[in-house]
Amino acid sequence: MDEAFRSPAVTLAEDALLGLLLPFWQLVIAAVVLVVVVLSVGRLARRGRSRMTTALLVTAAAIVGLAVVGVLLQG
């Protein structure tokens, strides 16, 4: 359909449909991310204590860095 000939009712119907599907896609994305995180943590844990310590330090540094960037961009 051409944008010029669309009625407001058609647009509202499409928005309503997307509104219903949005939580479903968020759940699918969250499930995929959760599976990847669990698999990577399991693999990392099998590699040993020193790799886990390094991974935790890198993760902590990334969290702190993102928080600092967020605060700087906010103000």
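Me: Okay, where is the place of Arg51?
Reply: Arg51 is in helix 2, residues 49-74. Helices here are DSSP runs of H or I with at least four residues, strands are E runs of at least two, and both are numbered from the N terminus. This is a predicted model: local features need pLDDT of at least 70, side-chain atom pairs count only at pLDDT 80 or more, and totals for chains, interfaces and linings use all residues. Residues are numbered from 1 along each chain as its sequence is written, and side-chain values use heavy atoms, with hydrogens and water left out.

Me: How many helices and strands does the protein chain have?
Reply: Two helices and zero strands.

Me: Back to Arg51: why does it count as partly exposed?
Reply: Because its relative accessibility is 44%. Buried means under 20% relative accessible area, exposed over 50%, and partly exposed in between (1.4 Å probe, protein chains only).

Me: And which residues form the positive surface patch?
Reply: Arg51 together with Arg43, Arg46 and Arg47. Helix 1 gives the largest share, three residues.

Me: Switching topic, which residues make the nonpolar surface patch?
Reply: Ile29, Val33, Val37 and Val41, covering about 340 Å². Val33 lies in helix 1, residues 8-47, and it counts as partly exposed because its relative accessibility is 47%.

Me: What share of the protein chain's residues count as buried?
Reply: 0% of the 75 residues. The chain exposes about 6700 Å², with carbon and sulfur atoms supplying 76% of that.

Definitions and conventions:
Patches are made of residues with over 30% relative accessible area and no salt bridge: like charges are joined within 9 Å, nonpolar side chains (Val, Leu, Ile, Met, Phe, Trp, Tyr) within 5 Å. Accessible areas come from the Shrake-Rupley method with a 1.4 Å probe; for residues, only the protein chains shown count as cover. A salt bridge is a side-chain nitrogen of Lys or Arg within 4 Å of a carboxyl oxygen of Asp or Glu. Lys and Arg count as positive and Asp and Glu as negative; His and the chain ends are not counted. The place of a charge is taken as NZ of Lys, CZ of Arg, CG of Asp or CD of Glu.
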